[in-house]
Amino acid sequence: MKKILKFLISAVAFIVIALLVASDLFKTDYKTHEKSAVAMGTVVSACIYGGDEKTAQDIIASIEETEKLISRNIADSCVSLLNKNGQTDVNGDVAYLFRLCKDVCSRSDGCFDITTGELSSLWDIGGEKQRIPQKNEIEKALEKVDGTSVSVSNNTVKIKKGQTVDLGAAGKGFAADRAFEILEKSGVKGAVVSVGGSILLYGRHNPSQQKWSVAVRDPFGSSSDYAGVLELSGGYISTSGDYERYFEKNGKRYHHILSPFDGYPVDNGLKSVTIVADEGAVSDILSTACFVMDLKDGMKLADGLGVQAVFIDKNKNVYLTDGLKNCFHLCSDEFNLAEYEKD
Amino acid sequence: MKKIKKQTVGDLAVIACVIIICGLWFSALQSGGKSPIAIIYKDGKIAEEAALSEDRVIRLDGVVIQISDGKIRFADADCPDRLCVKSGWLYKNGDTAACVPSKTVITIKNNREKAPYAVTF
Ligand SMILES: [Zn+2]
């Protein structure tokens, strides 16, 4: 009897300890390989879980390739050729990106528009020549803005003469989509790719399939302050906010997200919009589109397209789409989780 | 009688194994928690891994980086926008700042501090 009892006790103890060790093991992240660089005018990084360093290098290289392909600051990029010649041939991925931009342009009633290149050059916010332009300069630049005149047939993109395309509001998410293709071929277990604030969460970071945590920057604080944290099992996240690039003059903030309608920085009460989607370009494009639209119409657009969103307004109210209500928590009690009334 | 003794020895062996495994496990966890460092990237390559415990100044092409009181920052830079200098001090695990024109990135690694996997901004 004593023997059996002793055996049972030690067996139970063994199992309990083994389970504790195992569960901790399962919750320990895979070995990581991380690489950072500057590309697309921002910090880009790839952190690989359960894979090799080469995959991280390949991803950084592919982001640099994407920059060469679509940056309008690079003379022989396809966007520069398009702006110079009014039309250009592009690869299938870029043609798809142009179609996506055109689609969101029409769905957002013109709030998202890639033909604002001349307008953004005029303001040059965050650049060396940043200034408040004259009203007549803005009006002249606005005459060129018309996203509906972009046409994509097969792999040829055309614009109206004199228009200037800028893919700055789509390119980072697009680069994250390219990174996904590399990860699929690499056989790594998981990865986080950041192209500036556009994030790809791929696979898993440990064997227990714990969710990834992604902080949403506090739009009122410094870059190391967070408004809240999203717990996600994967996907793409992008944010647009009035704090990314801006200058201040006479106590007023002039930020880089310009209205395609009046040509001035958007001023509709929003501080930032974060989009969670299953495509990088979609999350990037919609974060700008929703920021320009405003809370009411932006919510409607996000809901209609089945993407999730976090809106933060100037009164520190945080609004979530239904799909995020169980996977977002605030980091600071300065913010208030507000209920959005749908009509 | 002999049989029972064998059983006890077996039990002891099992328990000893468990204790050793646990010991190894916890020591592994402890050694994973190295003191905080800043990884400095220049042109996509690691230029320096600097311990934040030691105050010093690091000069790289185009930027001056300063470590003081367990924090690090771009103290000065040749770039026109000086956004790097405006980013201020970094000290939390995962904190990142960059000087885009000089292609310099600073990022904090602190295994003792929990951080989100990414930050969207
Ligand atoms: Zn700088």
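**Figure 1. Polar contacts where chain A meets chain B.** Between chain A and chain B there are eleven residue pairs in polar contact, both residues of each pair being at pLDDT 80 or more. On the side of chain A that touches chain B, at least two residues each come from helix H1 (2–26), strand S1 (32–39), strand S2 (42–49), strand S6 (190–195), strand S8 (212–217) and strand S10 (235–241) of chain A. H1(A) supplies the largest share of this side, with nine residues. Sorted by class, the side of chain A that touches chain B holds 18 nonpolar, 16 polar and ten charged residues. As you look through these views, keep in mind that the model is predicted.

Figure 2. How many residues does each chain bring to the contact? Chain A gives 44 residues and chain B gives 32 residues. About 3300 Å² is buried between chain A and chain B, and carbon and sulfur atoms give 64% of that area. One salt bridge is counted between chain A and chain B. To find this kind of link in the view, look for B:Lys109 and A:Glu34, which form a salt bridge with their closest N and O atoms 3.1 Å apart.

**Figure 3. Three cysteines of chain B around the zinc ion.** Which protein atoms are the donors of the zinc ion? They are the SG atoms of B:Cys79, B:Cys84 and B:Cys99, at 2.2 to 2.3 Å from the ion. Along the chain, the donors follow the spacing C-x4-C-x14-C. B:Cys84 counts as buried because its relative accessibility is 1%, under the 20% cut-off. B:Cys99 is buried too, with a relative accessible area of 1%.

Figure 4. Across all chains, the count comes to 19 salt bridges. One of them pairs A:Asp93 with A:Arg178, whose closest N and O atoms are 3.4 Å apart. The pair joins distant parts of the chain, with A:Asp93 in helix H4 (residues 92–107) and A:Arg178 in helix H7 (residues 171–186) of chain A, 85 residues apart.

**Figure 5. A salt bridge between A:Lys325 and A:Glu339.** Here the closest N and O atoms of A:Lys325 and A:Glu339 are 3.0 Å apart. A:Lys325 lies in the loop between strand S15 (317–320) and strand S16 (328–330) of chain A, while A:Glu339 is in the segment after strand S17 (336–337) of chain A, 14 residues apart. A:Lys325 is partly exposed, at 36% relative accessibility. A:Glu339 counts as exposed because its relative accessibility is 52%, and exposed means over 50%.

Figure 6. B:Asp76 and B:Arg82 form a salt bridge, their closest N and O atoms being 2.9 Å apart. B:Asp76 is partly exposed at 37% relative accessible area, and B:Arg82 is partly exposed at 32% relative accessibility. In chain A, look for A:Asp242, A:Glu248, A:Arg253 and A:Lys271, which are linked in a network of salt bridges.

How values were computed
Residues numbered from 1 in each chain as written. Chains lettered and ligands numbered in written order. Predicted model: local features only at pLDDT ≥ 70, side-chain atom pairs only at ≥ 80, totals over all residues. Heavy atoms only, no water. Donors = N, O, S within 2.8 Å, 3.2 Å for Na, K, Ca; no water. Buried < 20%, exposed > 50% of the residue type's maximum accessible area, 1.4 Å probe, protein only. Contact = heavy atoms within 4.5 Å. Buried area = accessible area lost by both parts, 1.4 Å probe. Salt bridge = Lys/Arg side-chain N within 4 Å of Asp/Glu carboxyl O. Polar contact = N/O pair within 3.5 Å; in protein donor to acceptor, adjacent residues only side chain to side chain. Helix = DSSP H or I, 4+ residues; strand = E, 2+ residues; numbered from the N terminus. Nonpolar A, V, L, I, M, F, W, Y, C, P; charged D, E, K, R; others polar.
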